[in-house]
Amino acid sequence: MKTEFAVNLGKKIFYQAIVLVMILVIILIASGIPTDFNVYYEYGQYHWSMSLEEVRLNIFQHFQGFLSGEIFDVVIAGESIGTLFRSAFVLSLKVLFGGTVLAFLIGVPKGILDSRKRGKSGTFKLLQSYIPLSIPDVLTVGLVQFGAIYLYYNDITFFGLGPIHFLGDESWLSTIYPIISISILPAAYMSRITASTIEDLYTKQFIITARGKGCSFGQILRQHMMKNIVFEILSSSPTIMAVMFSSLIIIERLFYYQGLGYHLIFFFSSYSLTPEQASAAFAVFIMGLAFFYYMLFMGFKGMKTWILPKIKES
Amino acid sequence: MKLLEVKNLKTYFFIHDQEIPAVDGVDLTINKGEVVALIGESGSGKSVTSMSIMGLIDSPGKIMEGEILFHRNELFTDNLLKKSDRELQGIRGNEISMIYQDPITSLHPMLKVGDQVAEVLQIHKKMGKKQAKREAVEMLKRVGISDAEQRADELPEKFSGGMRQRIMIAMAMISNPKLLIADEPTTALDVTIQAEILDLLRKMGQEEDAAILLITHDLGVVAEMADRVCVMYCGKIMEEADAKELFKHPKNPYTQGLMECIPRIDDDRRKTLQIIEGYVPHPTDFPKGCRFSTRCPKVMDRCREELPELIEIEPGHKVRCFLY
Amino acid sequence: MVHRLKRINYPLLVGGVLLLFVMFAYFFPHLLTDMDPNVEEAAKYIEVRRGGELVEEYSTRPFPPNEENRFGSDEAGRDLYSRLIYGTRNTLRVAFSVVLFRMLIAMPMGIMAGMGVKTASIVINTFNTLFTAIPKLLISFVILNVAYFRNLEMQHSIWAFAIVLTVVGWSKVAALIEDQTSRIMQEDFIEGEIAAGKSYRQIGSQNLMPHLIPHVVSYTFMEIGMVLFLLAQLAVLTVFVGPRRIALAESFSAGFEMAFEPEWGSMLARAPIIIRSFHDRMWLIIYPALTFFLAITGFNLTGEGLRIEFQKRSSRVVSFIRQGFFFFSPRIYIEQWKNLKTYWRAVGVKTLGLVAVLLFFFFPPEPSMVQFNTEKAFEHLEVLTDESLEGRVIGFEGGRRSGDYIIHTLQDYGLEPWQGNYYHEFPSMDPGNTGYFERLVVEKATLVLEKNGIKETFHVNEDFFLPHLAKSISLDLYEGNVPEDGYTFEGRTITYEEDHIEIGLEPHIDPIPLIKAQGRQEVSRYFYVQGQSFGGSSPTELGFPTINAPAGVPYRLGIIYTDEFDDRIINTYSHTNTHIIPFGELREKLENADIHITLHLDPPKAPDYPGRNIMGFLPGRNWENEGPRDLVIIGAPYDGFYTGGREGFNPALSATAAATSLELARALSELDEPLEKSIMFIFFDGEQSEFPFRLRGSFQYNRSRGRFEQADFPYTYIEVGYTGNNQVNRMDINFVNGKGPGRESYFARDELLKRLNDLNVDYRMFYDNRRMTNYSLYSVSINSEFSMRFGGMYFPFMNLREDTIDEVNEDYMKDLGQIILDTVTLNPLFNGEGM
């Protein structure tokens, strides 16, 4: 039995590894295409800016650079790509982590609140949960900036912290506004998931049993529903993560917060780098991002499939 | 001594612009320690009645009027309908417990059974985890779970339907409730298990001196267990009497119809099965007048126009019918 | 009552109201605002509320919200509110296209997968996993950022976005549909259908669809919301649909791409920059972002509201939709036809509706008021390319006579002189630079190579070109100091190896290596000759630094050694140095060491006549009015390159503009009723000048005479460009806004685009006033209301040996001529009728 289980697990991991490698290869190829490759139009006709042979060559060199590790030593603005990646990664991680935690802290209680009032005002409450999902990042950041600027120019401080400058990434304080901005959407998602899970479960027979036992709503929530809620949120973590990563790029860009997202766009559109530097850096960053993302994704998936058995076995 | 008095209970449901009178003026009395059976077909309103007593009616349902007087002792009587949900929480699972029809879905699939039973004590007797667990294990033993010590740490999925119902009974009785409401407790179980569960119920009721409100559509169960019987049809009580009396002398034509439907072992095999003609009317389509008028073999013109009252024609025997 | 309130489907209600608003802006933008969304205002007095009072103050762009600009203006000074309103159409078109494409793929895939086709399910899954690992935003950004996509026309841009965003995002909706389908299939009633013997296809269409369609409708709305969300994100990363132009330092902010057409995404593209000075410029971000928000919310809420409705068992909305399906079902329609007697009313209504829809789409375009006669244009072309004119060079005999021809033709057509004159002369010598003849003609030049006693002679225009003559030679010409036997240069190649040549030129001592360029890397110099720059744009070419003789040597010779040159006419211009370009055998010979080179030039010839711009005038009905009279100026270059030195060359492309314009003059002069606006034809001499635009006719016009016109008459300028050769199948059109205040061009351009579509013209429109603008368009357009050039400003085909009258693209010329005629006669903004 155990060996069978191990074999199955092995197969699964192998399959996932293959998929990961495939994804990384595709990314390498795509980022190996020189950034100045394009079709341009002149005097009534279209021309390629370089031959396919050159593109192929570039991709090949790209692969070499990556596999040999040389690519990490390419220097941009005084730092090697490897170091740059590390610092950007840490910055982004702070925002992602902070954002997730904040989203959880806001979303779940809000979801609980929403579910309690359900039925009493019909579909009106639904409005509340849908509107935050429709706010484009630009608007969120705009509004946060609005508040931030107000606080900054009026020298308002919180518990001795601040005034926080509303752009850049000098100190850990600068993570606050990005964290707030990035948490809105995931919080909305989590709140919806929480509310709908609670509503779904509320009519289930075992919840009625619990109510019949005299459990208060709080007790039901804590003992009988929490595991399900966490499970549901974990199930939706791919979606939430995807949303967060996209938002991360925009938010870093708008706050001039030099994490992964900021740099990715920077490499692609900056004029101060040579095409080689740019594509090398872009490749490293996006590989790192994809790798990180995939690991996270697998982590959540694994957690999901492991959490259930864990309860049963303890 | 009266334990629970339900007076003129009306619980309506509001679905798709329509008003559905699921429970339409029900009177019910349960005395201390007695087993009262509430029988009726599906849709007659029996479950709604029990849920109303427990205060578990959610939107789109609403208790419109009535009183539910709970005489917890000689001195204190509460109208349960006037109590807040918080106050009711103190009563539910404590003084009034309930077990439900489908034991498979009634237990939380991801919590250990021992914990689920112990929870009652933690809530109502403010017991610590360890002690509550110990008492839960004891209770499980009492309801007939073997190896209770080990099995208390298992998930419900490891138990059969009958076992789970026993666990439910343990959960319900562990707090020494004065009233146990059993909503079709054996409907989902095999016939052989049915008998065991009913036995257990009766035993627990006697040991703990708890009254039982037994809701069922099975006359056989009624015959086994009940002291008194109420017959419900379309949200109204049609007849109320001692169990023996009801079986011997059913007065209401509906009750009579029910009795005749039961095939007897000594019936002539060539005799066709008896049925009650017609269909149960849809709650939105209740006839004016007596609810049974559309199917009653003894229907009179008056029945179609006016609604008969529930009258006590003999001591302890109430009927709702214009024949009397 | 309270029950009623509870039962209102709030999401549907609120969403519906928002959508109503949005769609109103889509269909009837002109009812919501009367400002032109493309008018750029640089500075003006605005009325702003300060402290509760209306105060007038002077402001430069971007204008904050004021009485006139409700939402303020963008950085170019364009009213934000009207841009948002007009932009609705473009942005929503993108969103609709993307969702349409996605649904077209997702529906069949999802249904198949839900009904059990394993492959479909695997495909959906793979796409989903792939695009969860890499954020869709990133991929879309990378792909759509490629320069090709950035430069597409609006319609093509929308297509491109639709395709890319579909490939990236279809699988999500497909998974939803798959899920829903399998859920429906698992319902018990399906089992019943299978038991009854229905095939899967039948089940699919009869049982599945009615249950699936409501969900699909709901998904569609929500997808639109999500796509809009993605578009907002992409916009912040400067990816948006539509043509754009570079805003230059002279405009207002340096060097960024500015969208031309109104579109929400384009307004967010500057967000990262603007947010740095956010407190000063909040409106630039907040209003577009809010607009996105409202639209996204509208679609999301409507989608959700519909989902709720469909879950209700009895829903008025659902029955309404079902009735709608019934009404529009084609099968029912056919059935009703079969039973015409009973259903004649319904059939009648539906048929009328059908006819109306067909008419709307296939309505024939308005016929042209006057036709462009290509044959007549070609007659002019024959004359202008006659060999005796030797290419119509400014200031030389041929140029003069071609000018005469044009004047006579205009007179024949009955055009009047403009302000008393049919032409205006200007010196063919740079007035600012005494003694500097731009164009020179060298009739004979030889190059002699000697090595090991063997001499070989090569001739100009046969073995080498002479593109540049040193300015000092021009000065000699002017002062009359040209040596009788011309000029001689001597030099010798020093070493030759695989990748470099050293050429020294006596008395010069230090040789300079020639570097053979590999790939795109080492190019040492760009050379600009006759409108084409080379030395940097193709993979394998040789760049060659000129040999700089040490100071004191008055005449310097450079040899341009390149692979790029074709066999074409090269004229001689004055330049800093003298250059030759060897080709063919001569070039091969030069790739050796130790060769003695002697170059001899005959004395060059200077122009005899001044340059001449020719004008003809067609007064319109408004010419008799008091007050400002609107003018339409149609301009075309008529000069060309000297062909006298070469046999077998008769380039025609450079004469096409003048030929076209002459035909336009004829067509417009023969109108039964004169147009409202007056038309002035102008033919520019000297447009084939190289560097100094001072020698161009357009410069002269703009600087001297034109200045007065521009002050007196509001005018629009149409430039007639060159017709392409047969291989060119796309007409370039350049559209330039005038720089004055309040110039309404949005509607004019709209009409122009419509007409181009009606005439089925393949075109490419440009808006920036640098890249594809030649000098004449640039200069004359400055004070115009707006200007356009139809046709090319240059073709690589020009002046090649193959450039003959047979290779002139007749269809191109026809389209060119016709669109100008139609614009002048039919476009409401031109023919004086206004909008």
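Select helix 7 (residues 161–173) of chain B: it lies across strand 6 and strand 7 of chain B, at about 170° to strand 6. Helices (H or I, at least four residues) and strands (E, at least two) are DSSP runs, numbered from the N terminus. Angles run from 0 to 180 degrees between N-to-C directions, with axes fitted to C-alpha atoms, for helices over the stretch in contact. Contact means C-beta atoms, placed from the backbone, within 7 Å.

This is a predicted model: local features need pLDDT of at least 70, side-chain atom pairs pLDDT 80 or more, while totals for chains, interfaces and linings use all residues. Residues are numbered from 1 along each chain as its sequence is written, with chains lettered from A and ligands numbered from 1 in written order.

Next, pick helix 1 (residues 46–54) of chain B. Helix 1 lies across strands 3, 6, 7, 8 and 9 of chain B, and runs at about 145° to strand 7 (179–183).

Now show the sheet. Eight strands of chain B form an open, mixed sheet in the order 6-7-8-3-9-10-12-11. Strands pair if DSSP finds at least two bridges between them. Strand 6 (96–99) and strand 11 (310–314) of chain B are the edges, each pairing on one side only. Neighbouring strands are turned by 20° on average, direction ignored.

Zoom to strands 9 (228–233) and 10 (236–242) of chain B: they run antiparallel, joined by six bridges. Arg228(B) stands opposite Asp242(B).

Move to chain C. Colour domain 3 (374–426 + 611–826) and domain 4 (439–601); the bounds come from an automatic or database domain assignment. 16 residues of domain 3 of chain C contact 14 of domain 4 of chain C.

Conventions
Two residues are in contact if their C-beta atoms, placed from the backbone, lie within 7 Å.
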